[in-house]
Amino acid sequence: MKDSVAKAFNGRNDLLPLWFTTMLQYSLVSTVANQYNDFAIIGAAALQMVAANNGITLTHEEAKKSIVDPIRSLPAHPEVASSLQRLKDAGYTLVSFTNSSNKGVETQFKNAGLTKYFDQRLSIEDMGKFKPHVDAYNWAARKMNIKPEECLLVAAHGWDISGALWAGWRGAFISRPGAQLYPLSPTPEINEQNLKLVADRLISLT
């Protein structure tokens, strides 16, 4: 993914963080304005915006090609599959909850070999508001027919954990390199460096 986006930026690796934050910003702009586009399409639009600000011209199709295929073929981190299996064996119901489209997450999970670990996949495409809007978390809890306090989000994005905690969910943060919690939101009960360590903590609660 980084290689593809950097190539679109003529090798400007330094623009990658700006592209990602711009994509998040405009997903929220769309949500606040009661609009919806596929997350990858917003990513392509953000790519064009950052490119234009740095003297690089990209068509929408060029930007889309740089985003869509790579984002759907991202590999899982090495510890993910075994950690998910351990959580299933411990009796947890595992549900993916993503800003990506239904087709996008289905393809990504298939390519990463993760499909079999999840009991259900939820995409905000079905309700039209991107996380971290509180309505997205409330919708997901209703879809699972459980109360918000019975949900626990595991994520490596501080903004996602913040949204979940503000919606009354519990949270487990994976502090991957470059990931930080938002200092102005509540602190999640679990904060570990990878999913194996998160799984260890969650299994100890069963």
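## A walk through the helices

Start by selecting serine 66, which sits in helix H4, residues 60–71 (helices, H or I with at least four residues, and strands, E with at least two, are DSSP runs numbered from the N terminus). What you have open is a predicted model, where local features need pLDDT of at least 70 and side-chain atom pairs count only at pLDDT 80 or more, while totals for chains, interfaces and linings use all residues. Residues are numbered from 1 along each chain as its sequence is written, and side-chain values use heavy atoms, with hydrogens and water left out.

Is serine 66 buried or exposed? Its relative accessibility is 11%, so serine 66 counts as buried (buried is under 20% relative accessible area, exposed over 50%, partly exposed in between, with a 1.4 Å probe and protein chains only). Leaving aside neighbours within four places in sequence, show what serine 66 is in contact with: Ser4, Val5, Ala8 and Leu47 (contact means heavy atoms within 4.5 Å).

**Next stop: H9**

Select residues 195–204 and pick out the buried ones: Leu195, Val198, Ala199 and Leu202. They cover an arc of only 100 degrees around the axis, so they are on the same side of H9 (the arc is that of the directions from the helix axis to the C-beta atoms). Their cover includes helix H5 (80–89) and strand E5 (190–192).

**On to H8 and H7**

How many of the nine residues of H8 are buried? Seven are, so H8 is mostly covered. H7, E3 and E4 are among what covers them.

Now select aspartate 160 and lysine 131, which form a salt bridge at 2.9 Å, N to O. This pair links distant parts of the chain, 29 residues apart: aspartate 160 is in helix H8, lysine 131 in the loop between E2 and H7. Aspartate 160 is buried, with a relative accessible area of 5%, and lysine 131 is buried with 5% too.

Finish at H7 (residues 134–143), where the buried residues include Tyr137 and Trp139. Just after H7, click asparagine 145 to find a positive phi of about 60 degrees.

Key. Salt bridge = Lys/Arg side-chain N within 4 Å of Asp/Glu carboxyl O.
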